[in-house]
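Dear colleague,

I am passing on the structure below, together with some notes on what was found in it. Please read them alongside the coordinates.

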Amino acid sequence: MAEVLGAFEQAVLLAVVRLRDGAYGRAILKEVQSRLDRDVAAGAVHATLERLERKGLVASRLGSGTPVRAGRPRRYYRLQPAGIRALNEAREAVDTLWAGLKWPLIKGRGIA
Amino acid sequence: MTTGGDARPPRWAEGVLRSMLASEHRDNVSGDLLEEYRTTIVPARGPSAADRWYRRQVAGFVWRATWPWALLFSGAFVVRQAFDFFVPTHDFYFRSLLTTYTAVALLAATSLWSAWRSGSFVAGVLVTVVMTQIAAVLSVLGVSLLLAIWHDSATMKAAADSGGVAEAYVLPFMAVIPALIVGTVAGAIGSVSRRLFSAGTAR
């Protein structure tokens, strides 16, 4: 069984998937903010990326710096096979839980 | 509209951020924050609001580095208070000894871990000092909760005999003094060991 993912971990991993070759810290932060439609702390994304890398779900490499970053490098992330497995299992778990129910739930349509 | 091309966030905040980060993430994470500050936040909100945003982000990093230790530290303090309130004694020597050693061990562990992780002596001292103040607030809340639930005369007498309720509210904040001393020593050990270890593995 793959790693069980929290909702925020899924958001970060899916941002890495969507951004492909452009998945570095700030881009991931903006993608997560946009998808969750709320302000997200940079520290939360950074801590999650660090944890996901420790678990082997993503891998990273350093890119080059730019003047706007005072020459500091970007760290690019890419999904690892364990990350793909974890995301697939997370999706499967949600689909199983929702199987047979109409979405969105509406009070009165089979709901007390 | 203000452009943030060469705007700089508060130097002290950037210094705190860089000292807190693990050495392998120091440049890329501080670079991400600087890029966001210059390209999005300053143009959209102006320099003052952007500086506030930057300080908030740094506070988030400090909070993440300190809260688990603060929870442990305040937990130890509240447990000690609970023993004094509910299992009263006249001989506090053993309890005080145990509490002191536990507190010093937690302060040292906090500083060592932070300094080792970041390779920065400053991070060791800073995290330890901030941790004690967050722990102090949690301790006050914990003791207040205990007294809100159990405030019968026997418990209040035991509290008074163990140094008084006021002491339970003031003492946690005083931990900043041992935090400075223990944090300095352990921070120095942590950062020097990290450098020696890194030099050894690089060879």
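How many salt bridges are there between chain B and chain A? The count is 8 salt bridges, where a salt bridge is a side-chain nitrogen of Lys or Arg within 4 Å of a carboxyl oxygen of Asp or Glu. One of them joins the side chains of Lys30(A) and Glu36(B), at 3.1 Å from N to O.

This is a predicted model, in which local features need pLDDT of at least 70 and side-chain atom pairs count only at pLDDT 80 or more, while totals for chains, interfaces and linings use all residues. Residues are numbered from 1 along each chain as its sequence is written, chains are lettered from A and ligands numbered from 1 in the order in which they are written, and side-chain values use heavy atoms, with hydrogens and water left out.

The contact (heavy atoms within 4.5 Å) takes 24 residues from chain B and 22 residues from chain A. About 2,000 Å² is buried between the two chains, with carbon and sulfur atoms giving 49% of that area; buried area is the accessible area (1.4 Å probe) that two parts lose on being put together, summed over both. In chain B, the residues that lose the most area to chain A are His25(B), Glu35(B) and Arg64(B), which together account for 27% of what that side buries.

Elsewhere, Tyr37(B), Trp53(B) and Tyr54(B) form one aromatic cluster, built from rings of Phe, Tyr and Trp (its six-membered ring) that pair if their centres lie within 6.5 Å, with planes under 30 degrees apart counted as stacked, over 60 as edge-to-face and the rest as tilted.

Best regards
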